[in-house]
Amino acid sequence: MDWQFWIDRGGTFTDIVARRPDGQLVTHKLLSENPEQYRDAAVAGIRHLLGVAAGAALPAAQVEAVKMGTTVATNALLERKGEPTALAITRGFRDALRIAYQNRPRLFDRHIVLPELLYSHVVEIDERIGAHGEVVQPLDEAAARAGLQAAYDQGLRALAIVFMHGYRYTAHEAEVARIAREIGFTQVSASHATSPMMKLVARGDTTVVDAYLSPILRRYVDQVASELPGVNLQFMQSNGGLTDARAFQGKDSILSGPAGGIVGMVRASRLAGFEKIIGFDMGGTSTDVSHYAGEFERVFETQVAGVRMRAPMMSIHTVAAGGGSILHFDGSRYRVGPDSAGANPGPASYRRGGPLAVTDCNVMLGKIQPAHFPKLFGPNADEALDVDAVRARFADMAGQIFAATGDRRTPEQVAEGFIQIAVGNMANAIKQISVQRGHDVTEYALTSFGGAGGQHACLVADALGMKTVFIHSLAGVLSAYGMGLADQSAMREQAVEEKLGAASDTALDARLDALAEAARGELLAQGVGAERIDVIRRVHLRYEGTDSALVVDFGAVEAMQAQFEAAYKKRFSFLMPSRALVVEAVSVEALGRSEAPPETIAESAPRQDALRASERVRMFGNGEWVDAGIYRRADIGPGDVIKGPAIVAEDNATTVVEAGWQAEVTLYKHLVLTRVEALPERRAIGTTADPVMLEIFNKFVHVDRRADGPAPAEHGLFGEHQGAPRLQLRDLRCRRQPGGERAAHAGTPGFDGRIDQDRHARECWPHARRRRLRAERSLQRRHPFARCNGDLAGVRRSRPGHPVLRRLARPPCGHRRHHAGFDAAGLAPHRAGGRPDRQFQAGRRV
């Protein structure tokens, strides 16, 4: 048995877990960016653990495999530093991806900044295949070659090919891809191969992302492979499975790092006996939260950094609150993030002249002790954190706050205030993936990992009313550990768009067999033994006339329908039995089971004396200094109990046991933290302006707004989720045009000729008009003059039948057509020139 290296290259730190030839696990942590010391952190970490000097050749023969997750592609997407890309699209649709669906998530914003496009040049191709496969316009190969040659002459080498109905009828896309490769394009992504699913916009964006990021990934893979010639190099995909480096694509790399953490979290938590888990992964740049209740949650359509994606990904919600999140005071309130100090320069304590960050708060409060934190700083990367710089900077900030607001606080109170805000941000993120989906978090365990997770786990649990926190023995590097536990996987999917009754079991089975064979063949080509491969078959079902599908296991028609109805009712609380079920797509996942050895029960001799802290320190919490013990993780064993306040220190992480909590060591040397004392009563907010509570209250009011992180396209007019708590508003001013249906859709490209969504909208309007509300019934309606900016805070109770209230409910503007679209309460749009007293919600009478 040779060495294996499991690596998570994050935005701030790179974590490495190595399995030695004798089976023992060793860990290493280093800064992801330290140009004075090394070119690449992953390779530098491998050198350190193998004892190879910088510049010397690595002994590749001693390395069995390197399994790695990386944020290289994610950062390139966020910073728009991918490969310059050209888009080849059917003539007449050059602006389809820019127009997209015209989402307006914040209806009253006057200045809307659209995300920067990933492609810089558009080549319109003379071709068109109809929705049923008929050739509307033959492909003009000569014109296509001339257009692509012009793009190539401009220096573009990456090309995304997206044609109308190309997901099903692939001949034109395949021919243009062949021409592009002949010209010399080094990266050619065709939509039928990248995302063979319906919807031009999402399919097109996914293809563009693949062309934009794949060259960046290829260069990084080649760089790592050049240092390790002949080594089995695998990368983590966004769906939670590993793949060979040669098959690693840009569209599958967005959540490469966090996905490993989800795998590690679930495997470790289930070993400890927890089946309902909230994952809390707090790193240096951001915090990733996730939900698990028996199976991995995946999304098949999402939005990342303003770009729509149709690719299977782990369902992860990200918030910009990490150890490196920068602290701000704007003259009236505190703010944490969203900008991060990263690894270079890093927080103020990193000795690079960086700004104050969340990590510095914990240094100030005594929760991070420099003597028990990795010594990676200074010119020679061997110095501890700089406590003096942190104290001086917080003293200056406390003076600024007093001068601006008259609020006199000590530096420690200022630091604690920023921690409260960061905890509130992270707790709100967890509510979005749990409470807002109908899950009771008090029944869950909070599994905390990441370098900064243990410092805040108890506080986050208290903010959510959770009583149990689980922390693995490798929590500080659990994302890297998850790389070693993950299975190799290959996924295939295909659009169907047939009614469930029409698509017989035999027809679906034939499609799934073909996909399964392709996925199995990919794993076999990567060296996975046939005996280790399992295939999972899934069907994507939706109600006819709706837009978003739910995924069920393939089986008999009655069984699939029962699965769908159970999942649909759990999510939306109602069913639509009068509507037929449509098979939107089928997918398969081939899994090559991991051969990582299972964890073993720790061997330890019975403790002769009572457990004692290695040293006592002062720690600031709840507005006062308290005495806390420091316990080395290596010195505690199964059965030991540590009462808070205390600090459990180890090489890769710090765990803070807050007052009222206690930590118990399990047989596997993991920590289970439990609240043993009731939370103290919270003080009432007075009439004075508190800069901390002002920011917390502001976050509470706007908790339902989504940032630039992944956001499933689940809500709005083009879906069945009209009854969801919050809706994405869409500008539909171009939908209602004189001249009938054809004119209404002439200016709305990007829907693959499919008008199910708009047909559903047109059906709902007369349906709503027919349903008159009785005058004595009340409903929730947003006050027309409330300054609620799309949130539900401006909703009031009114009687729609009252003529005065009907008059007041009209929009305060002269032309009501401007406000077409659903409002945030899930109500129907105002009729042009009519009264909004006939409304519907979720297809039912309100």
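User: What do the numbering and the values rest on?
Analyst: Residues are numbered from 1 along each chain as its sequence is written, and side-chain values use heavy atoms, with hydrogens and water left out. In this predicted model, local features need pLDDT of at least 70 and side-chain atom pairs count only at pLDDT 80 or more, whereas totals for chains, interfaces and linings use all residues.

User: Why is helix 1 called largely enclosed by the rest of the structure?
Analyst: Helices are DSSP runs of H or I with at least four residues, strands are runs of E with at least two, and both are numbered from the N terminus. Buried means under 20% relative accessible area, exposed over 50%, partly exposed in between (1.4 Å probe, protein chains only). Nine of the 10 residues of helix 1 (residues 41-50) are buried, so this helix is largely enclosed. Among them are Val43, Ile46, Arg47 and Leu50.

User: Which elements do the buried residues of helix 1 pack against?
Analyst: With contact meaning heavy atoms within 4.5 Å, they pack against strand 1 (3-9), strand 2 (13-19), strand 3 (25-31), strand 4 (63-70) and helix 7 (200-227).

User: What makes strand 29 and strand 30 a pair?
Analyst: Two strands pair if DSSP finds at least two bridges between them. Seven bridges join strand 29 (residues 615-621) to strand 30 (residues 624-632), and the two run antiparallel; Arg618 stands opposite Asp627. In their hairpin, with two residues between the strands, Asn622 has a positive phi near 55°.

User: How many bridges link strand 30 and strand 32?
Analyst: Four bridges join strand 30 to strand 32 (residues 646-649) in the parallel sense, with Ile630 opposite Ile647.
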